[in-house]
2 protein chains.
Amino acid sequence: MDPTVRLELSVDRGSPVPLYFQLSQQLEAAIEHGRLTPGSLLGNEIELAGRLGLSRPTVRQAIQSLVDKGLLVRRRGVGTQVVHSQVKRPLELSSLYDDLESAGHRPATRVLVNTVVPVSPEIAAALGVAEGSDVHRVERLRLAHGEPMAYMTNYLPLGLLDLDTRQLEATGLYRLMRAAGITLHSARQTIGARAAGATEAERLGEERGAPLLTMQRVTFDDTGRTVEFGTHTYRPDRYSFEFQLLVRS
Amino acid sequence: MDPTVRLELSVDRGSPVPLYFQLSQQLEAAIEHGRLTPGSLLGNEIELAGRLGLSRPTVRQAIQSLVDKGLLVRRRGVGTQVVHSQVKRPLELSSLYDDLESAGHRPATRVLVNTVVPVSPEIAAALGVAEGSDVHRVERLRLAHGEPMAYMTNYLPLGLLDLDTRQLEATGLYRLMRAAGITLHSARQTIGARAAGATEAERLGEERGAPLLTMQRVTFDDTGRTVEFGTHTYRPDRYSFEFQLLVRS
DNA sequence: GAGTGGTCTAGACCACTGC
DNA sequence: CAGTGGTCTAGACCACTCT
């Protein structure tokens, strides 16, 4: 009647991969593949440390990272358990392109505008650049299965990034930024809805007045620079936002 | 030319509050009140530990919690800096009621349905209960400034919670669940849009065909139980989802 | 080379849970 | 009461960044 699971775990001290990370990856894989079933107890930290030849703080660090991901729950006096919840995917700062690709949708992008323009006061405020200065302006139509799905307008400060139209059509904006050495840190998003105007209806192959899903986003890198402002519209019959939230404890 | 900030920090060893938590709260308050300005360096961990009479791991634990919140950035060989970004509010598992209240909107709730019904197959699957079993069904209209803003239908397993109509009108569902000793853990959300049907248009004081913002949510507690399934519609001219995402590193 | 954070150890005591 | 996680210490060595 002991629900504690005995897993085969091992660490490689010759590897440059941190020991706690090796352990957390093995535990995550065991959960993923069902070798650690929901509700099962992990075995206490001291015994686990002894079995692996690690110190307790190292084992705790591994476990803590999975608690932060929402995969495990710790209870004082009880133990550490695998969470039951059906879906494990956490909320990430992801791009539409990545979302579509991982869903197997073969996204395509049509770059309609790729230019440098003087900013409007609103965009200047959002990007944190001086009014009247120049910024990149990119407008893209995203298609899935050949059908228009999203119309995206983005503004970026000059000098951060080469915005090559061919690259923009081959991948997503976030991927280009990461490839340019920008470390993304956080983004502020607003998701809403409105009726389509005549122009935006036509862009997405919709009727005027049709409901559109909208998203505005400002993205920051880890130095605090604003690296991107975007305002996107989606056809709600073809796209919705889906994510998992964790409670901050 | 030293950008390192010298803060007045202290810890109380007699307090039951953990030392790392005392420190992280003081640092967070210092950032909040501008005593630690964006971009400023925090001073190295060893010196900080010595100054406070703490060990380095304890200081690291305090700093790490703020890094996880997105307030600080660590760079090896450089130091720990306060992030620049304008908005600091992180994404939380929040309730509409709390959102409105903190925005000063004086939310009101009208409970239209509060009953127990046999579940449909779809709801049974979402809630993880047996088909044909009974569940709570609650329908609420949320108003702000006396105007309808959201129409919310929620299903809850029996036995978790007393669903008193008066309490439901006085506060939010999440708050009632927490008060009942349920520890919320995570939620899976889908946000989309669609045109209003005749019935839902009338509920929200809209025209048929008007764009609606929609949200479906399944909420889990820390034992893995599904504690709630909800499907909500919002008037997009009166509500939108706003949140900050952090990159998972 | 000097200084920073990243990782790791081998202990310790406490608070809470369940029997 | 025994067993669990929560917190804390005082060191150590390494990898990386900047000058």
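**Close-up views of the chain A and chain B contact**

**View 1. Extent of the interface between chain B and chain A in the predicted model.** The contact (heavy atoms within 4.5 Å) takes 47 residues from chain B and 46 residues from chain A. The model is predicted: local features need pLDDT of at least 70, side-chain atom pairs count only at pLDDT 80 or more, and totals for chains, interfaces and linings use all residues. Residues are numbered from 1 along each chain as its sequence is written, chains are lettered from A and ligands numbered from 1 in the order in which they are written, and side-chain values use heavy atoms, with hydrogens and water left out. Between them, chain B and chain A bury about 4,400 Å², counted as the accessible area (1.4 Å probe) that two parts lose on being put together, summed over both. Carbon and sulfur atoms hold 56% of this area.

**View 2. Salt bridges and polar contacts between chain B and chain A.** Four salt bridges cross the interface, each a side-chain nitrogen of Lys or Arg within 4 Å of a carboxyl oxygen of Asp or Glu. R75(A) and D222(B) form a salt bridge through their side chains, at 3.8 Å from N to O. Between chain B and chain A, 12 residue pairs are in polar contact, both residues at pLDDT 80 or more. A polar contact is a pair of N or O atoms within 3.5 Å; within protein, one must be able to donate a hydrogen and the other to accept it, and residues adjacent in sequence count only if both atoms are side-chain atoms.

**View 3. Strand pairing between β6 of chain A and β9(B).** Strand β6 (residues 184-195) of chain A pairs with β9(B) in the antiparallel sense over six bridges. Strands (E, at least two residues) and helices (H or I, at least four) are DSSP runs, numbered from the N terminus, and two strands pair if DSSP finds at least two bridges between them. R188(A) has Q244(B) as its bridge partner in β9(B).

**View 4. Relation of chain B to chain A.** In chain B, P211(B) has the C-alpha nearest the axis, 2.2 Å from it. Of the interface residues of chain B, 98% are also interface residues in chain A, so the copies meet through the same surface.

Conventions:
Copies are superposed by least squares on the C-alpha atoms of residues with pLDDT of at least 70 in both.
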